[in-house]
Every structure is written in structure tokens, then in C-alpha cells.
Amino acid sequence: MVGFKATDVPPTATVKFLGAGTAACIADLITFPLDTAKVRLQIQGERQGPMQAAASAQYRGVLGTILTMVRTEGPRSLYSGLVAGLQRQMSFASVRIGLYDSVKQFYTKGSEHAGIGSRLLAGSTTGALAVAVAQPTDVVKVRFQAQARAGAGRRYQSTVEAYKTIAREEGFRGLWKGTSPNVARNAIVNCAELVTYDLIKDTLLKAHLMTGSCPPFSAWDPGTW
């Protein structure tokens, strides 16, 4: 671009979109076993009474849940639903993080000076929109994480089959179960995360404690000092 050095060219909306999704997928690969353990702990005792559930609890604590799953179902069980999880991150994070700046500029009509109201509106918009887009992937991911790999009671054998089975047996709307509370939750979470980050970043820039982008590599080369 004319007037810009290579390091000064701002990233496009597409780059932000893909970058956010890719970064989220990498994070998901690392933390997926913890997410699976969380789901197993949440659904434990669902079909039992309080006293019976407490007495027959299979999973106890995060580490205990992970070790139990590895021992009874194998290490791969910790990554059950990973494909749907990566699909979720690529669609969910790309929208809620990657489109935040673009939506903020839309609400401010391109102005560089965004008020707190515009930031909150952009954060809640992309958070809610991300859920609306990615909810089917979230439903399938949780279904896979909830079912045990061992035994003949497995309902879903593949990600594609899970989408088809849910749509066929529960209707197309079954893929969007839990959307309303998820929209409300993620609209709030997105505001708390991105708007807080945005405000802190602006404060640091105005105080000249940091720059908006990294300096050219040559600035870090002792040979150029």
C-alpha cells in the first residue's frame, strides 16, 4: 500500500478473521482434555437422585476425571469430539474476535474514536452472532464429550453422522438447542473480554507505554544500532 511500510500496513478483516480462528484452534488442541473433563463432571449423576449420585460418582476432580477416562476408555477419549470442537473454534472465535474491530467501525461509522457504548455494542453483537453461527458445532462437541468411548451404547460414530442424526431425530432445531442462554452468556463474556482489552490497550497507547505495532525486525538487530 502506498504510504505504508510493510510493518505499518494494518491487517485486513479477513486476516483478523482467519487469525482469530486459527489461534483458537491451537488453544483448543491444548486444552481440550480439560474441556472434556468439565463436561463429564457436569453431566455426572444426571439420571440419579442426589444421594445415589454422590455415592456412585465415577469422576472426582479434574485430574481424577482425566485419569479415570484414560484408564477405562483410553487416552483418545480425552479428545472425543475434537473435530467438532475445532469446527466450533474456527467459526466461533473467528466471528466474535476477528470481526470485533470491523463491527466497531460499523457502529462508529468509521471513526477512530470509539466510545464505550460502541465498544460494548460491538462486543455483544459479535458474541451473540458467533453463537448463532457456531451453536450446532457446540452441540455436537458436547454430545461426543458426554458419551463414553467404551461399550456399545455410543450413539454417534463420526462428526458428520452426529449432525445428520440430531437433525433427523430431533429436527433441524435440535442443532441449535441451548442457543438462547448461550447467546446471553457469550454476549456478556465478549463484552467483558474484548472491551476491557480494547480500553486497556487504548490507555497504554495514549500514555505512550507501548506502540500499536511491533517495530521492524531491524530495530531489534544489534548490527543496526
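1. In this predicted model, the axes of helix α6 (residues 116-146) and helix α7 (residues 159-170) come within 10 Å and cross at roughly 105°. Since angles of 65 to 115 degrees count as roughly perpendicular, α6 is therefore described as roughly perpendicular to α7. On the α6 side the contact is made by P136, T137, V139, V140, R143 and F144, and these meet T159, A162, Y163, I166 and E170 of α7. Sorted by class, the contact of α6 with α7 comprises 7 nonpolar, 2 polar and 2 charged residues.

2. Helix α7 itself has 12 residues, and the distance from its first C-alpha to its last is 16 Å, close to the 16 Å expected at 1.5 Å a residue. Its buried residues are T159, A162, T165 and I166, and, viewed down the axis of α7, they fall within an arc of 115°, so they line one face of the helix. Just after α7 comes G171, which takes a positive phi of about 85°.

3. By class, the contact of α1 with α6 has 5 nonpolar, 2 polar and 3 charged residues.

4. Helix α1 also contains T31, which counts as partly exposed because its relative accessibility is 36%, a value that lies between the 20% limit for buried and the 50% limit for exposed. Along the chain T31 and Y79 are 48 residues apart, while their C-alpha atoms are separated by 9.8 Å.

5. For helix α3 (residues 62-73), the length can be checked against expectation: at 1.5 Å a residue its 12 residues should span 16 Å, and the end C-alpha atoms are 16 Å apart, which agrees. The buried residues of α3 are T65, I66, T68, M69 and E73. Seen down the axis of α3, these buried residues fall within an arc of 165°, so they line one face of the helix. On the other side of α3, by contrast, L63 and R71 are exposed. After α3 comes G74, whose phi is positive, near 95°.

6. Which residues of helix α5 (residues 100-107) are buried? They are Y100, V103 and K104, and, because they cover an arc of only 105° around the axis, they are on the same side of α5. These buried residues of α5 pack against α4, α6 and α8 (179-206). Just after α5, K109 takes a positive phi of about 55°.

7. I116, found in helix α6, deserves a separate remark. With a relative accessibility of 47%, I116 counts as partly exposed. Leaving aside residues up to four places away in sequence, I116 touches V195 and L199. I116 and V195 are 79 residues apart in sequence, yet 8.0 Å apart in space from C-alpha to C-alpha.

8. Finally, some points on the protein chain as a whole. There are 8 helices and 0 strands in the protein chain, and from the N terminus on its elements run α-α-α-α-α-α-α-α. Of its 225 residues, 35% count as buried. Among the contacts in the protein chain with a separation of 6 or more, 69% are accounted for by residues 24 or more positions apart.

How values were computed
Residues numbered from 1 in each chain as written. Predicted model: local features only at pLDDT ≥ 70, side-chain atom pairs only at ≥ 80, totals over all residues. Heavy atoms only, no water. Helix = DSSP H or I, 4+ residues; strand = E, 2+ residues; numbered from the N terminus. Expected span 1.5 Å × (residues − 1). Buried < 20%, exposed > 50% of the residue type's maximum accessible area, 1.4 Å probe, protein only. Arc of directions from axis to C-beta. Axes fitted to C-alpha atoms, helices over the stretch in contact; angles between N-to-C directions. Parallel < 35°, antiparallel > 145°, perpendicular 65-115°, else oblique. Contact = heavy atoms within 4.5 Å. Nonpolar A, V, L, I, M, F, W, Y, C, P; charged D, E, K, R; others polar.
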